[in-house]
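Colleague: I am new to reading structures. Could we go through a few features one at a time?
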Amino acid sequence: ISGLVDSGAVDSVTNETTAPWIPIQQTAASRSGMKYTVADGRSVPNRGQQKFCGTTEDGLPIDMGIQITDVCKTLFSVQKIKEAGNIVIFGAEEGDMIINKRSGSRTKIEDNGKDYQLPIWMEVPKEALKRVDALSSVEAAITEELKTKSVEEVRGNSCNRQCGIDC
């Protein structure tokens, strides 16, 4: 899973299809009806939290809660990364990175020229791979259809996808 390292995000967020094998736990924020304002000005609900456990590309362990909402991209909040005891550096001669204050360990942030990405490697259970493959097949079919039709034609009069995102 790769996410955008975002200095404007108040929480680290993703959508429910990013890691469908990880259960979504309700939190005080989701139970209270907390909402986020996304880049286009819409309000989207906090739907709970997933626990992301894995490693960085550098092999360092990651164990973080990520909020579930209706976003298109996974966003890793610089604010939350800092609150977890890290320093986030952009533009250093050695590259962009996250440094853990306690251990001094460094995690590389990838600058692809457009944005800053943080890849996380997580184990996916075999039974979940079948669901991920099914979602990828649906995405591929929609992408293929969009080559010859407009978004409105693919959607029809109303979105019938069950992704939880308002279309």
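Colleague: In which helix do E83 and K80 both lie, and how many residues apart are they?

Modeller: Bear in mind that this is a predicted model. Both E83 and K80 lie in helix α2 (residues 78–83), three residues apart, which is about one turn of the helix.

Colleague: What do the side chains of E83 and K80 form?

Modeller: Side chains of opposite charge can pair when their charged atoms come close. Here E83 forms a salt bridge with K80, and the closest N and O atoms are 3.4 Å apart. E83 counts as exposed, at 53% relative accessibility, whereas K80 is partly exposed at 32%. Salt bridges that share partners join D11, K80 and E83 into one network.

Colleague: Which side chain does K51 meet in a salt bridge?

Modeller: K51 meets D63, at 3.5 Å from N to O. This pair links distant parts of the chain, with K51 in strand β5 (residues 49–56) and D63 in strand β6 (residues 61–68), 12 residues apart. K51 is partly exposed, with a relative accessible area of 45%, and D63 is exposed at 54%.

Colleague: How many salt bridges are there by this rule?

Modeller: The count is five. Another one of them joins D40 and R42, at 2.9 Å from N to O.

Colleague: Now the sheet: in what order do its three strands come?

Modeller: Strands of a sheet pair through backbone hydrogen bonds, either parallel or antiparallel. In this open sheet the order is β8-β9-β10, with antiparallel pairing. β8 (86–89) and β10 (106–108) are the edge strands, each pairing on one side only. β8 pairs with β9 (residues 97–100) over four bridges, and I87 stands opposite I99 in β9.

Conventions
Residues are numbered from 1 along each chain as its sequence is written. This is a predicted model: local features need pLDDT of at least 70, side-chain atom pairs count only at pLDDT 80 or more; totals for chains, interfaces and linings use all residues. Side-chain values use heavy atoms; hydrogens and water are left out. Two strands pair if DSSP finds at least two bridges between them. Helices (H or I, at least four residues) and strands (E, at least two) are DSSP runs, numbered from the N terminus. A salt bridge is a side-chain nitrogen of Lys or Arg within 4 Å of a carboxyl oxygen of Asp or Glu. Buried means under 20% relative accessible area, exposed over 50%, partly exposed in between (1.4 Å probe, protein chains only).
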